[in-house]
Amino acid sequence: NEIYLNGLSDIRPVLPTDSSRLEALAQEKLGGQAFGYVAGAAGTEATARANRAAFDRWRIVPRMLRDTSKPDLSTTVLGTPMPAPVMLAPVGVLSIVHPEGEIAVAKAAKELGVPMILSTAASRTMEQVAEVAGPRWYQLYWPKDRELAESFLSRAAASGYDALVVTLDTFKLAWRPRDLDTAYLPFLRGIGVQNYFADPVFLRAVGGEITEENRITAILHWVANFGNPTLTWDDLAWLRERWAGPIVLKGVQHVDDARKAVDAGMDGIVVSNHGGRQVDGAVASLDCLPGIADAVGDRVSVLFDSGIRTGADVAKAVALGADAVLIGRQYAYGLGLGGEAGVKHVLRCLLAELELTVSLSGLNRVEDLTRDVLA
Ligand code: FNR
């Protein structure tokens with residue numbers, strides 16, 4: 001209604017309302033390095049394409065003449081309420097696409113009540129983001145240095161991040177040709193991964209405050225410590241002892257791994273292949289969802305990401321068993337094109353389209369999105 005009524009005064013949306021056109025505009029405006037960082041995926045990007053194609057194999061079967069006058073898609077996941085089953089995925093170093101980076105994202109998300117998951121690799125510190133953010137979870141890249149990991153956990157708890165999302169699939173960065181071709185690390189020289197660069201344990205390891213002189217040393221230390229390939233399921237007990245709130249494992253694709261997460265006492269999982277950015281040739285994330293939801297959906301919260309672009313995509317993922325979905329690239333494009341207002345635009349479009357899709361399908365609530373809604 002808002003868009004059409006504005007149209008009467010010849011005011012049109014500044015950014016596209018369609019995800020493909022938004023991406024095309026980002027490609028035009030952001031420049032190769034920044035756009036490549038966001039849009040890129042592993043290898044031939046076959047998995048990124050598969051993520052999208054999987055949504056096309058499911059179709060919603062709309063039902064008619066059901067009272068849909070009061071749609072309400074609000075829900076609560078692991079104690080965090082949200083206006084719709086949509087959260088912001090952790091996306092690292094967002095200052096690459098916009099100088100305000102994670103601060104702009106946090107403000108937009110707060111205004112709409114959409115929970116944000118802040119990346120360990122943020123270009124702003126988790127404390128700076130907490131000052132302006134609404135509901136928030138913290139994503140951990142579990143570093144090699146245990147003391148550094150503990151420092152992240154205590155900082156996150158002290159600054160009000162309610163749940164911990166542990167990303168399992170990125171203990172090292174994959175073969176990502178778009179980033180390799182632009183050798184994108186130089187970005188970090190100017191922008192930095194401030195969330196690390198402000199950490200007392202990290203700073204001690206690099207010999208104090210980051211200056212122009214030790215900046216390269218700091219980046220090298222970050223690269224060396226970023227991920228820990230030695231981790232196994234047994235290590236989760238260490239984490240459980242040190243984090244009082246809910247723990248969610250991100251990057252689960254196999255039913256047996258979902259079961260292991262339950263056995264390890266985890267509270268949730270994110271069925272995700274990191275937007276196709278890790279294993280090229282891997283299965284589409286959506287194809288993993290129904291089996292995992294059937295196996296563990298009654299015991300842990302099941303979140304989903306990788307490939308969500310539209311309201312219909314959200315509806316399909318929820319119908320296939322997700323309690324909520326995460327969006328990644330979509331809001332990063334909004335940020336790059338319009339800062340805080342751009343993120344807000346993307347979220348409002350997605351939430352509006354979701355509500356229309358659900359309503360026009362004859363449904364009112366998240367609980368109504370069940371598998372028999374799909375063909
Ligand atoms: C990511 N993702 C990610 N995940 C994570 O746990 N920590 C991180 O720092 C990042 N960084 C990151 C940067 C960029 C540019 C992208 C596109 C993605 C993965 C992200 O959380 C999510 O899993 C995917 O983005 C979901 O796929 P879509 O929505 O982008 O298709």
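**Note on the ligand site**

1. The shell around the ligand comprises seven nonpolar, ten polar and five charged residues; here Ala, Val, Leu, Ile, Met, Phe, Trp, Tyr, Cys and Pro count as nonpolar, Asp, Glu, Lys and Arg as charged, and the others, Gly among them, as polar. The model is a predicted one, in which local features need pLDDT of at least 70, side-chain atom pairs count only at pLDDT 80 or more, and totals for chains, interfaces and linings use all residues. Residues are numbered from 1 along each chain as its sequence is written, and side-chain values use heavy atoms, with hydrogens and water left out.

2. The ligand is surrounded by 22 residues, each with a heavy atom within 4 Å of it. Pro90, Ser119, Tyr141, Thr167 and Asp305 are the closest.

3. A polar side-chain atom of Asp305 is 2.7 Å from a ligand oxygen. On the backbone, a polar atom of Gly307 lies 2.9 Å from an oxygen atom of the ligand, and an N or O atom of Gly328 lies 3.0 Å from one. Of the 600 Å² of accessible area that the ligand has on its own, the protein covers 98% (Shrake-Rupley method, 1.4 Å probe).

4. The unreviewed UniProt entry lists Tyr37, Tyr141, Arg176, His274 and Arg277 under "binding site"; such annotations may be inferred rather than shown by experiment. Tyr141 is in the loop between strand E5 (136-140) and helix H7 (146-158), these being DSSP runs of at least two residues for strands and at least four for helices, numbered from the N terminus.

Technical notes. Polar contact = N/O pair within 3.5 Å; in protein donor to acceptor, adjacent residues only side chain to side chain.
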